[in-house]
Amino acid sequence: MGEVESARVLVTGASQGIGKAIVMRLASRQRFVLAVSRNPPEFLGTSRSQWADRLAWTSLDLSNAAAVEQYAASLGSFPIRALILSAVDYGDGARHGASVTSTSEWQRVIGTNLVGHSVLVSRLLSQLVRTGSGIIIHVSSDVAVTPAAGRSAYGASKAGLHAMLRAVEAEHQPDGLRVYQLIPTFQSVTEGIRRRRPVGFDFSSYADPALVAEVAERLLSTDHSVQGGTYLVRRNGTLDPYPEATGL
Ligand SMILES: NC(=O)c1ccc[n+]([C@@H]2O[C@H](COP(=O)([O-])OP(=O)(O)OC[C@H]3O[C@@H](n4cnc5c(N)ncnc54)[C@H](OP(=O)(O)O)[C@@H]3O)[C@@H](O)[C@H]2O)c1
């Protein structure tokens, strides 16, 4: 493994769902992973010795911008090959309209999904760019690009991060930075989604979070063969470019 390949991959949302699946996939494939979430992933206990030499978990609350700044500074100048953004605050309870979305929900959801991730990305850009082939993967959502009725805070936060990352991509393309925004065209069975579905819900049509993890790992492994951009992730793992306006 070369110097760039061995550089660290930072994953947010490490304790559960798609983020956890990504951490497990990368660590089991010998990648050096920095994992963050507020709660520790339960596999840390059982697999601590197995992955101890390549997995470091840190408690981080993305809704606390000062803590995010502090965490980014603590990483020093060691090269970071990739940032994978999978943390999410889906918002309060069941779907509800913008008119009944509380101020605290706006602040928490946008503070976590948009502000926390934006601070993290912006503070680590120099490390990413230094590798000459840095990668950012945003596990995005259809709500970033289509109307999200009943999920206005979640939708606003994902659309905001989507726009922020498109700006970063435009600023740093000459530096070899690739930014992937992945929009799954299917639902995955994750703890966060389970909490939002009624008791007895039939998840049989939902995918395993490992599917998105496999796609993320493929993007880290392919040698510049997939251009940065926004992609629709199909159930069979293929990526279809999502056409975005680049000017008016
Ligand atoms: N699941 C789906 O069907 C689906 C479909 C389309 C897109 N997505 C996207 O996939 C990504 C992952 O979704 P998921 O369903 O796997 O989510 P999930 O099961 O709810 O997991 C969310 C993760 O985010 C972390 N998190 C939440 N609030 C945080 C905070 N304030 N600070 C730090 N970490 C925080 C949680 O860890 P702690 O609570 O320990 O902090 C957890 O690890 C999201 O970006 C979502 O938009 C999912």
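Visitor: What classes of residue make up the shell around the ligand?
Guide: By class, the shell has ten nonpolar, 15 polar and four charged residues. Ala, Val, Leu, Ile, Met, Phe, Trp, Tyr, Cys and Pro count as nonpolar, Asp, Glu, Lys and Arg as charged, and the others, Gly among them, as polar. This is a predicted model, in which local features need pLDDT of at least 70, side-chain atom pairs count only at pLDDT 80 or more, and totals for chains, interfaces and linings use all residues. Residues are numbered from 1 along each chain as its sequence is written.

Visitor: Which residues of the shell are closest to the ligand?
Guide: The closest are Gly17, Arg38, Asn39, Thr190 and Gly192, and 29 residues surround the ligand in total.

Visitor: What makes E6, E7 and E8 neighbours?
Guide: Strand E6 (residues 178-184) runs parallel to strand E7 (residues 229-233), and five bridges join the two. Proline 184 stands opposite valine 233 in E7. E7 is in turn joined to strand E8 (residues 239-241) by three bridges, and these two run antiparallel. Across that pairing, tyrosine 231 stands opposite proline 241 in E8. The hairpin of E7 and E8 has five residues between the strands, and glycine 237 takes a positive phi near 90° there.

Visitor: Why are E3 and E8 called edge strands?
Guide: The sheet is open, with eight strands in the order E3-E2-E1-E4-E5-E6-E7-E8 and mixed pairing. Strand E3 (55-59) and E8 each have a single partner strand, so one side of each is left without a neighbour in the sheet. Neighbouring strands are turned by 20° against each other on average, direction ignored.

Visitor: Which strands does helix H8 touch?
Guide: H8 (residues 210-221) packs on the sheet and touches E1, E4, strand E5 (135-139), E6, E7 and E8. Two residues are in contact if their C-beta atoms, placed from the backbone, lie within 7 Å. The direction of H8 makes about 165° with that of E5. Axes are lines fitted to C-alpha atoms, for helices over the stretch in contact, and angles run from 0 to 180 degrees between N-to-C directions.

Visitor: Why is H2 called oblique to H8?
Guide: H2 and H8 pack at about 50°, with their axes 8 Å apart. Angles under 35 degrees count as roughly parallel, over 145 as roughly antiparallel, 65 to 115 as roughly perpendicular and the rest as oblique. That makes H2 oblique to H8. Ile18, Ala21, Ile22, Arg25 and Leu26 of H2 meet Ala210, Val212, Ala213, Glu214, Ala216 and Glu217 of H8. The contact has eight nonpolar, no polar and three charged residues.

Visitor: What makes H4 and H5 roughly parallel?
Guide: Helix H4 (residues 65-74) and helix H5 (residues 103-130) pack at an angle of about 25°, their axes 9 Å apart. H4 and H5 are therefore roughly parallel to each other. Ala65, Val68, Glu69 and Ala72 of H4 make the contact with Val115, Gly116, Val119, Leu120, Arg123 and Leu124 of H5. These residues divide into seven nonpolar, one polar and two charged.

Visitor: How do you know that H5 and H6 are roughly parallel?
Guide: The axes of H5 and helix H6 (residues 152-172) come within 8 Å and cross at roughly 15°. H5 and H6 are therefore roughly parallel to each other. Among the residues that meet are Trp106, Leu114 and Val121 in H5 and Tyr154, Leu161 and Met164 in H6. The contact of H5 with H6 has 13 nonpolar, six polar and two charged residues.

Note on methods
Pairing = 2+ DSSP bridges. Helix = DSSP H or I, 4+ residues; strand = E, 2+ residues; numbered from the N terminus. Near = placed C-beta within 6 Å.
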